Structures are given as structure tokens and as C-alpha cells.
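Please look over the sequence and the model, then read the points below.

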Amino acid sequence: ATVVELLCMESEELVNHRRRSQIYMIGVLDNGSGMDEMTLQVSLQFGNGMNLDEVAQTGMGKFGMGLPASSVSQAKRVEVWTWQAGVESAIYSYLDIGLIASKEQKEVPKPIKKKVPKEWLKCGGSLGESGTLVVWSAIDKCIWKTGKAIIDNSEFIVGRMYRKFLDSSKVTIRMATFDWNNIAGGALNDREAVANDPLYLTAPS
């Protein structure tokens with residue numbers, strides 16, 4: 001991927017008898033190579049992946065825990081759309097902790113062809129010929145309650161982890177917040193992550 005987007009969706013909720021905008025869903029969109037059906041199904045399985053063999057461990061993501069573990073650490077449901085021949089060809093699968101707890105879901109569902117929801121198409125800017133969209137909903141463990149807080153805190157970490165990619169302009173990381181009920185109104189805030197070098201070897205940092 002050359003473009004990754006962190007898309008935070010807010011919605012008004014009643015909190016202590018007052019209506020406040022809080023995080024509703026979080027999406028991560030990229031213009032990478034996408035996944036085929038087998039790779040998508042494997043990506044949602046704990047401890048499984050395409051890089052388990054040592055010869056395949058040439059980059060990030062070696063243990064097959066990243067996507068499912070990070071997702072369920074923050075939300076009760078994770079949905080994935082991925083495509084390799086235009087967004088119209090997207091396939092879909094998901095994990096739902098509530099369904100797993102009730103034993104209605106016992107394995108990762110076989111991927112099916114399913115359209116990317118129009119709301120994500122409207123706010124996403126990196127819908128290339130291939131790519132992936134990961135959506136968290138039923139968010140219950142995120143310590144930050146607004147899109148701004150998520151973006152501010154994420155940028156500090158993401159800017160450090162991927163500082164060399166950002167500094168070399170190999171990757172652009174966009175972070176934006178939208179009102180889920182008024183996406184047509186545009187982003188509430190929208191910016192690109194900047195490099196965060198703790199050694200101050202890159203400038204600006």
C-alpha cells in the first residue's frame with residue numbers, strides 16, 4: 001500500500017442525559033494488493049497467516065495474530081472487504097464476538113461477494129484497483145471516545161512506527177473523522193500523519 005486511511009465515524013449518543021458525539025465505527029482503508037478468498041479467510045483466523053514459514057518472513061506480520069487480535073481488543077465486530085480487480089469485485093468476511101459467545105459463529109465465514117457500503121466509498125480517498133477495508137463496530141474497549149482523540153493519539157504512535165515510510169514519502173497515512181449521519185457534509189477533521197522521530201534524525205519531526 002502507498003496510501004492508508006484511518007477513518008473515524010462519530011455518532012451522537014445520550015451520555016449522562018446529554019447528547020454527545022462519540023466514536024461509532026473505525027475503518028482502515030488501503031490501496032494495497034488486496035486478498036483472494038483463501039487469504040481473507042486465513043487473515044481472520046487467530047494464529048494463522050501467509051507468513052508462518054520462515055522463508056516467507058520478509059516483512060511485517062509474521063505470526064497471524066495482528067488483524068483478529070487487534071480488532072477484538074477494541075471492538076466486538078470486525079468486517080473486512082477486499083478487492084483485486086476494482087472495488088466492484090470486493091469480497092467480504094467478518095468476526096463477531098457476540099455470535100462466537102453464543103456459539104452461532106464457530107469459524108470464519110467463507111468469503112462472499114459483497115459491495116462496500118456507500119458510506120465508506122464516500123469518505124475513502126484511496127479506492128484503487130485493489131485494496132482492503134477493515135471496519136470495527138460495536139466498539140467497547142477503546143479508551144478514546146472521539147475521532148479527534150483517536151487521531152491525535154494514533155498519530156503519535158503511527159508516526160513513530162512508520163516514520164521512515166512517511167519521511168521517504170513511500171506511504172501517505174490519512175486520518176479523518178466523519179459524522180456517520182452526515183458523511184455528505186465532509187470530514188470534521190482531515191490530515192496526514194507526519195513522521196515522529198524520537199531521535200530527531202529526520203526533519204520535520
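Is Asp96 buried or exposed? Asp96 is buried because its relative accessible area is 14%, where buried means under 20%, exposed over 50% and partly exposed in between, with a 1.4 Å probe and protein chains only. This is a predicted model, in which local features need pLDDT of at least 70, side-chain atom pairs count only at pLDDT 80 or more, and totals for chains, interfaces and linings use all residues. Residues are numbered from 1 along each chain as its sequence is written, and side-chain values use heavy atoms, with hydrogens and water left out.

**Overall make-up**

- The chain has six helices and eight strands; helices (H or I, at least four residues) and strands (E, at least two) are DSSP runs, numbered from the N terminus.
- Starting at the N terminus, the order of elements is β-β-α-α-β-β-α-β-α-β-α-α-β-β.
- Buried residues make up 39% of the 205 residues.
- The chain exposes about 11,800 Å², of which carbon and sulfur atoms supply 54%; accessible areas come from the Shrake-Rupley method with a 1.4 Å probe, and for residues only the protein chains shown count as cover.
- Among contacts (heavy atoms within 4.5 Å) with a separation of 6 or more, 63% join residues 24 or more positions apart.

**Salt bridges**

- The structure holds 10 salt bridges, each a side-chain nitrogen of Lys or Arg within 4 Å of a carboxyl oxygen of Asp or Glu.
- One of them joins Arg77 and Asp96, with the closest N and O atoms 2.7 Å apart. This pair links distant parts of the chain, as Arg77 lies in strand β3 and Asp96 in strand β4, 19 residues apart.
- Glu155 and Arg191 also form a salt bridge, at 2.9 Å from N to O. Here helix α5, holding Glu155, is linked to strand β8 (residues 189-192), holding Arg191, and the two residues are 36 apart.
- Glu155 is buried at 13% relative accessible area, whereas Arg191 is partly exposed at 32%.
- Both residues belong to a network of salt bridges that also links Lys148 and Asp152.
- Lys118 and Glu119 meet in a salt bridge of 3.6 Å, N to O. Lys118 is exposed at 54%, and Glu119 is partly exposed at 22%.

**Nonpolar cores and surface**

- A nonpolar core is a set of buried Ala, Val, Leu, Ile, Met, Phe, Trp, Tyr and Cys residues joined through side-chain atoms within 4.5 Å.
- The largest core has 24 residues, and Leu6, Leu44, Val78, Val80 and Ile150 touch the most other members.
- Elements giving two or more residues to this core include β1 (3-15), β2 (18-30) and α5 (147-161). Strand β3 gives the most, with three residues.
- A second, separate core of 18 residues includes Met9, Ala90, Trp120 and Leu133.
- Phe156, Ile157 and Met161 make a nonpolar surface patch of about 310 Å². Patches are made of residues with over 30% relative accessible area and no salt bridge, like charges being joined within 9 Å and nonpolar side chains (Val, Leu, Ile, Met, Phe, Trp, Tyr) within 5 Å.
- Phe156 sits in helix α5 and counts as exposed at 56% relative accessibility.

**Around Thr132**

- Thr132 is found in strand β6 (residues 131-139) and is buried, at 8% relative accessible area.
- Beyond its neighbours within four places in sequence, Thr132 has contacts that include Val28, Asp30, Met35 and Trp83.
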